[in-house]
Every structure is written in C-alpha cells, then in structure tokens.
Amino acid sequence: MTDRGRDLTDPDWWRTAVVYQVYPRSFADGNGDGIGDLAGLLDRVPYLAALGIDAVWLSPFYPSALADGGYDVDDYRDVDPRIGTLGQFDALVAALHAEGIRIVVDIVPNHSGSGHAWFRAALAAAPGSPERARYVFRDGAGEHGELPPSDWVSHFGGPAWTRVPDGQWYLHLFAPEQPDFDWSNPEVREEFHDVLRFWSDRGVDGFRVDVAHALAKDLSEPFRSYPRIHRDVVAVDGTDPLFDRDEVHEIFRGWRRVMNEYDPPRSAVAEAWAPPARLPLYARPDELGQAFEFDLVLEPWSAPAFRSTIQTALDRAREAGASSTWVLSNHDIVRHASRFGLPDGTDLNAWLLTDGTEPACDLALGLRRALAGTLLLLALPGAAYLYQGEELGLPEVADLPVEALEDPIWERSAHTEKGRDGARVPLPWTTSGPSFGFGQGGSHLPQPTWFADFAVEAEERDPGSTLALYRRALALRATLLEGEGVRFVDDRPAVIEVVRDGGWRSVTTFGESAALPEGEILLASQPVGDDRVLPADATAWLRDPA
Ligand code: GLC
Ligand code: CA
C-alpha cells in the first residue's frame, strides 16, 4: 500500500484519484443467485486493494425494478434486497476505508423508478395535485388529449410521454419506468439534499451525478419542439428546452453547500453531455468539482486526435479550477479493448447487430492500443476512471443471444439497437467452475467460454498479464505523481510524449515504433529491447536522467 491519497482526511483526493467503477450486479455474487451483490463485493475488497485504486464508484445498488439496470431507483435510501442490506453497505464502507479506498455512489436525480413511493402516490392522486407536481404530468394534445403533449423523445426510443388511465401524460426522457422529476418543485430539491446527507452521514466520500445536464427543463407551455435525446444538445447558450439549461447550475450550487457541510467535503462528478465549452460550468468549485470528459471515448486511435482532445480537456479543467477526468470505458459503451480493434469509423451499433462479426475485430491490436491508451491517461494530471474488467483486458461480449438481453434499448428500439449488455457481463474470477467464479450459481448475463482466458485466476499467475500491468502501473503512479504540471514534446507526429513534474515522462506510439528518449524505463505496455525502440501502439514511462 502506498501513502498517496490514502489519507482519508485529504479534501483534494479526487483531483488525481484512480476511481474504479463497480457495476454491482455484475461484479461478484456472494449468494449464488446469479446477481452480483454487496457480499460478493465485500469479499473482493482485498482484490481492489491489491489493484491499487483510490476509490470505488458504485453504480446504482438501490431497490429497483431493473427496467434500466438499476438507473430506475425506487428508494434512494436503501439497498436492493437482491444486492444486500444497509448493514452490508456500512460494512463495505468500513472495509474500503480500512484499505484507504474511498467510495463514490451513483445519484440518479433526473428520474426515479416507477415503483418509487412518490410516483405511486402521483398515480393514485388526481390531476393538479401536489403529488403529481413532483413529476411532470400534463394533459395531452389533440382534440381529446389523445396525443403526447410535445414531440419530445425517449433516449431509449419512442415518445418521452406515457399516458395514465385518467388521461394525463407523464414525462420520461428515458424508459417509461423512469418518470422525470420536476426540479422547479422545492420539495424535489429538498429531497435530494436529504439523500446526499443520508449517504454522506454513512461515510460516502462522493457522488457520481447521472445525466446532470437534464435536471432543469423549460416546462412553460406551449412546449417547444425538441425531438432530441440528451446527447444531442443543440444550443450553446443554455436555452435548449430540455438540456444544459442555465438554471441547472443553481441546483448544483445547492448540492455543493450540502456537500461542504462535511469534513472533508464530499466530492462529485457530473455525467453531463453538455456542449464542450459549457462542461467546465458543472465542474466549478462551487458546483460539482468535476465533469466527465467523454471526448476520448469518441476518438479513433490516432496521435493528433488524442493530443488535441487531451489538451482541450486539460484546458477546460484549468478554466473551471477543476481537474480533468479520463475515461475509456464505462457501463454504457463498448469496451475499449474491442473498440480499438475495429476499423476507424465503425458504427458500433451496427457491429453489435452482427454479433461482432462485421467488420472483424482485431482483438490483439485492440488490447495493445487499450493498454497504451490507459498508461497514457494514467500519466496525465487528473483523475482516471476505470471500468470493472478493463484491468483484465476484457473485450466486449458482442454476441450475446438476443433472448438474454436486459437493456431496455433492445425492445424500445424495435430491435434495431442491441444496447449495452455486452459491457455488463459478470466478471470471470476463476478459469473454471460455475460462472467462472463470479458466484456459486449462474450469471444473469451468459458468459462466453473464452472468459476463462481473462479470469483473475489466470492473470494473477501470469506476470505478463493485463492485470499485472495495471497493478504495476497504479503502484508506480502513486509514487510518481507530483503536482499538476505537464508539458508535451510535440516533435513526432505519431508519438505523444508527456513530461511531468517530478522528473518523469510517458511516451506513446501510434501505429509505428519510436526510439525512446534517455532515462530509466520504469514500465512499458509492450516489451522494449536493448535498442530502446518502443514498438507500435505502446506506452512506456521513463525516469528522466538526473
Ligand atoms: C446515464 C447512465 C445510463 C442510464 C441513463 C439513465 O446515462 O449512465 O446507464 O441508462 O443515465 O439513467
Ligand atoms: Ca447474489
């Protein structure tokens, strides 16, 4: 264990943290029912400690009908009984903290689940009642109110409005089981302040804020036409009817005041698909502090693309007084070991519809690039967000049988999008046994036989494995990081060379090999010979000569 960041009283820990995302239903299953749970996670705390992460980000574990993998929350103050109990949650916090690992929980404030007590009360109450005013209920358009009140669309397909038996319609920017709150209602604001306190009081160190840019909406009538989903914001001045509106920042200033009631203050990171220039607004010190940078997720494997995206992200973070966030994978996107093995410009959705056969994915190439990319990002100032399984080099499971799919996208898109389940298949821990050691029973999404090759057990035996490289990299990073200073050596078009405070640097090659500069090689994602030539699609870290 290293000292850096392990001091749980440090208020700035999040600026440079390595945060590991756990998708709880697919991490480890303690009771053999095929669904990952807190007991399983608790058992794996030693694994997380050995990996060398600074924090866990726990995706939703709340009671949920699972209409959207838990992002349909029925009770913000409890644990889903299939996942565990509040007592186990407390035990998890204690176990992580004992290892110097912090815990960040997902908060889903745009919508609840349709089983939430407030939504059930709203359905039972009359139009115009205070119960309905916590959500967005409206009369329909058309002569008899038979048409949705506006042309707004659900992210998962179809209209964003669903009609209830008394004839009114309610708004859901995601699945119908995810009714949107009306954030202009003070009761909603108070409720979430309370939820933040509930988890902060239990020792939670920070929050990941789901679709943060969607909370404030222009609900004045007549509704404006806006048939777009949350990733397609148009206006760059905060005047879109549904997303990235200026008023959203008042909400987060209120959250910051609550989070600052704690010592150390609780951290937060926004999932905000705002226009790039407006992303820093969410990360201001009097708001959430950090906002995810997703631009790299959309970039092809190319030095110019990576260089400019990294530079922009660093500039944006500086502008906000924040620190940047590096992300290559999460539970919503095709795993980057697969993405980087596909030809540039591949339509990932179309690729998934062919079960990952068209075009062919070069997995060996994808993994080389993935490792190189990860080591590059770990060498930058800012926080790195890792997604469970990437430390094993796991590819996407692109050929899940459609009967097994859980993501609402599959049905709601009328089978034109397979969705995100291929990144959510339960992890392989052992090379054999039921569900490859995920649990004593099955696995809620089927695991392919090749998962055995990526099992923790196999990789722990192999000093050349992806897991071994991640462990070495995280341990080393903890000793190397010093200050936020960074400089790029820009003389080679297919190389990104990053010079860091404290006398070390990172060199990444894109598509061709390159001679390494002088200095001790601390770590490399591919073997480097005596000629000190770094192979193509690799990263090496070096200590500068004294
Ligand atoms: C976020 C989550 C995603 C979820 C959506 C609705 O984008 O990351 O998984 O489906 O919000 O809550
Ligand atoms: Ca279980």
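This report describes the pocket, cavities, nonpolar cores, calcium site and selected residues of a predicted model.

## Largest pocket

The largest pocket has a volume of about 870 Å³. Its lining is made up of 35 residues, and those nearest the centre are Leu-298, Ile-333, Val-334, Leu-348 and Asn-349. Helix 10, which spans residues 348-353, provides the largest share of this lining, with 3 residues. Sorted by class, the lining of the largest pocket holds 16 nonpolar, 11 charged and 8 polar residues.

## Cavities

The model holds 7 cavities of 30 Å³ or more. The largest cavity contains about 130 Å³ of space. Its lining consists of 16 residues, with Phe-174, Asp-210, Glu-271, Asp-332 and Arg-420 nearest the centre. By class, the lining of the largest cavity has 7 charged, 5 polar and 4 nonpolar residues.

The second largest cavity contains about 80 Å³ and is lined by 13 residues. Ala-283, Ala-291, Glu-293, Arg-316 and Ala-317 lie nearest the centre of this cavity. At least two lining residues come from each of helix 7 (279-282), strand 9 (289-291) and helix 8 (303-320). Helix 8 gives the most, with 4 residues. The lining of the second largest cavity divides into 8 nonpolar, 3 polar and 2 charged residues.

## Nonpolar cores

The largest nonpolar core has 119 residues, of which Tyr-20, Leu-48, Phe-89, Phe-252, Trp-255 and Trp-541 touch the most other members. Helix 14 (residues 466-480) makes the largest contribution to this core, 7 residues. A second, separate core has 20 residues, among them Ala-303, Ile-310, Leu-314 and Phe-488.

With neighbours within four places in sequence left aside, the contacts of Leu-48 are Tyr-20, Phe-27, Leu-41, Ile-53, Val-56, Leu-96 and Ile-101. Tyr-47 is found in helix 2 (residues 45-51). Tyr-47 counts as buried because its relative accessible area is 8%, and the cut-off for buried is under 20%. Not counting residues up to four places away in sequence, Tyr-47 touches Tyr-20, Glu-391, Leu-392, Trp-429, Val-456, Glu-460, Leu-467 and Arg-471. Tyr-47 and Val-456 are 409 residues apart along the chain, and their C-alpha atoms are separated by 9.5 Å.

## Calcium site

The calcium ion (ligand 2) is coordinated at 2.3 Å by Asp-29 (OD), Asn-31 (OD1), Asp-33 (OD), Ile-35 (O) and Asp-37 (OD). Along the chain, these donors follow the spacing D-x1-N-x1-D-x1-I-x1-D.

Asp-29 is buried, at 6% relative accessibility, whereas Asn-31 is exposed, with a relative accessible area of 53%.

## Loop residues

Asp-68 is in the loop between strand 2 (55-58) and helix 3 (86-98). At 5% relative accessibility, Asp-68 is buried. Leaving aside neighbours within four places in sequence, Asp-68 is in contact with Phe-156, Gln-178, Pro-408 and Arg-420. Arg-420 is also one of the residues nearest the centre of the largest cavity.

Pro-130 lies in the loop between helix 4 (117-124) and strand 4 (137-138). Its relative accessibility is 59%, so Pro-130 counts as exposed.

## Backbone features

Two cis peptide bonds can be described. One joins Asp-263 and Pro-264, with omega of about 0°, and Pro-264 lies in the loop between helix 6 (248-259) and strand 8 (267-270). The other runs from Glu-358 to Pro-359, with omega near -5°. Pro-359 is in the loop between helix 10 and helix 11 (363-378).

His-415 is partly exposed, at 39% relative accessibility, while Ser-435 is buried, at 10%.

Key
Residues numbered from 1 in each chain as written. Chains lettered and ligands numbered in written order. Predicted model: local features only at pLDDT ≥ 70, side-chain atom pairs only at ≥ 80, totals over all residues. Heavy atoms only, no water. 1 Å grid on protein atoms, 1.4 Å probe; cavity = no way out; pocket = protein on both sides within 12 Å on 5 of 7 lines; lining within 4 Å. Points joined across faces, edges and corners; volume = space filled by probe spheres on them. Nonpolar A, V, L, I, M, F, W, Y, C, P; charged D, E, K, R; others polar. Core = buried A, V, L, I, M, F, W, Y, C linked by side-chain atoms within 4.5 Å. Buried < 20%, exposed > 50% of the residue type's maximum accessible area, 1.4 Å probe, protein only. Contact = heavy atoms within 4.5 Å. Donors = N, O, S within 2.8 Å, 3.2 Å for Na, K, Ca; no water.
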